[in-house]
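Here is a colleague's note on the structure shown below. Please read the points with the model open.

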Amino acid sequence: MQKNRMTVKSQKSFSRRAGQSPVPWLAPLFLVLCVFYLIPLVDVIKTSFTDATMTNPAGNGFTMASYVKVFQDEAFGEIMFVTFFFVSFSVIFQFLLGFVIALAVDAAETRRMRGTVLTRTISLVSWAIPGVAIGIIWKIMYAETGSGILNYLLSLLGSKQIAFLSDPSVALLSTSIANVWRGTAQSMILLYAGVKTVDKQLLEAASIDGASSIKKLFHITIPGMKSVIMINVLLNIINTFNTFDMIMPLTGGGPGRSTEVLVLSVYRNIFQQLDLGKGCAVAVILLMINVAFSIGYFILNRGDEA
Amino acid sequence: MTGGKVKRRVSKGLLYLVFVLVIIFFLFPVLWTLSLSFKTVPELYKIPPALLPETLQMENYTYLVEQVHILRGVANSVIITAATIVGTMLIAVPASYAFSRIQFKGSRFLQFLILMFQMISPLVIVIPLYRYFADIGLLNTTIGLIVVYIAISAPFQVWFLKSFFDTIPKELDEAAYIDGCSRLQVVTKILLPTIIPGVFSGVLLVFISSWSQFIVPYILMDTPSKMPLACLLVNLQGKLNQITTHYLAAASILTILPTVVLFLCLQKYIVSALTTGAVKG
């Protein structure tokens, strides 16, 4: 009897402990997040409904004028197109290139080929390079003077010179290619890990049944990696969408507006044109797209757990 | 030769072709920049351009050290990054423990909120912070940068470290409670030592992202002598003119060296860290 009561007591104290308040553990984090995320976010949303400028940051009360300005601005359509092109081109080619490298490295590993580790390592190095340095490295690559290496290589092939960064019709493509160089590593890391989880026995069984490599890829490998592929694509969309560091030193959004993505437009509106209200309105649009992606990611992740 | 042998050779050949193309595409821009960083001005304008510099003269680097005081930028980056790592871990470890072990109402919602913060462009929050900091004198200060860096690094780390806490069986906690350990003792004596590899990987990720951080110092820091390296690099680009590509190349190499060397040395940890959560098994 005595013993029994002891057990009950200790169980009770365990469950009480287990139900202890999470507040002390979370307080420091949420204090920081409140000050540096929540308050600024509310502020940005509030400011977007004013006509504030950098010299008059309070504005003159509630108005929709900033949003009207954004949507009436002829440049807005162009900015959305530039953003859409930059994101879709980057994400498609980051995925395709990352997938090809992941499959090639995996295939080479099963064949115990030399140079596999070297290739895998080199394909990932760009992940560790700061975005601003990538912007400058590609600006050097694209140089349009006599010393520009890409133009020199083109001349060896007998092609005429390309104004990679100063021709508005080419600059966006050049910027997107530099971004593919930057983001492929992230794709490759996830997809490579995904390829490793595909059931090797199933692949072998299919080979014995005479299935071709292409058939195995589309009927076993890709379906087996579905959730990794979706998470990878979503992460790449978010990363590309928020890219600022690489574009700033590469083109600064120019020439004209030819490489001005949404994030750059926020920056230009606020810190160059000093139009705080309009900049915040664009920032709110950016924010809503960010939130939509996070919801997508959260749902995907939960589906993965279940 | 049998058909199978030919097929195997062809597929091996194709794989090597892919390897060579991949190596050229990813390595060449870095090697070209490295080569430029050793070139003199006449070499810079030589047509056709030479693949390799004539000598490994260090004058471009000496110029950066003496005229641009680039080592100060390196020191700034080291200080900011180190402080960010410590601060981030101090707030992210306890929070990730709570999300993994304490059941409470709203836990899931808070986790979603944190995930959302992680996906928001830092530019959005830096806009108002610029004005707040100007008001309270934190603009152009190192401490101002550090606290924002911490706020930006923390959300991802909470998710990341939680995934390590989640891998430890709850029976381990329960056994310790029955032995009379307090909650704090369970965390510090049992759980933390178990997730040290996770914390180590987390530190690596914070290091690389903080070293690369650009948008925050670009807006909140105007004083070149206090700028971290990534920001100084763009500042330098704005000041130099066309004939100074060799300086810019050298500065880029200095900027990427720490993170690239770290990556090459600790590749295994980093790759497994990056796949945590996204891939099961």
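1. Start with helix α8 of chain B, residues 170-178. Its buried residues are D173(B), A176(B) and Y177(B). Buried means under 20% relative accessible area, exposed over 50%, and partly exposed in between (1.4 Å probe, protein chains only). Helices are DSSP runs of H or I with at least four residues, numbered from the N terminus.

2. The face of α8(B) turned away from the buried side carries exposed E171(B) and I178(B). Just after α8(B), G180(B) has a positive phi of about 95°.

3. A word on the basis. This is a predicted model, where local features need pLDDT of at least 70, side-chain atom pairs count only at pLDDT 80 or more, and totals for chains, interfaces and linings use all residues. Side-chain values use heavy atoms, without hydrogens and water, residues are numbered from 1 along each chain as its sequence is written, and chains are lettered from A and ligands numbered from 1 in the order in which they are written.

4. Now the contact between the chains (heavy atoms within 4.5 Å). Chain B gives 95 residues and chain A gives 100 residues.

5. How many salt bridges does the rule find across the interface of chain B and chain A? It finds 1. D43(A) pairs with R131(B), with the closest N and O atoms 3.5 Å apart. The rule asks for a side-chain nitrogen of Lys or Arg within 4 Å of a carboxyl oxygen of Asp or Glu.

Note on methods. Helix = DSSP H or I, 4+ residues; strand = E, 2+ residues; numbered from the N terminus.
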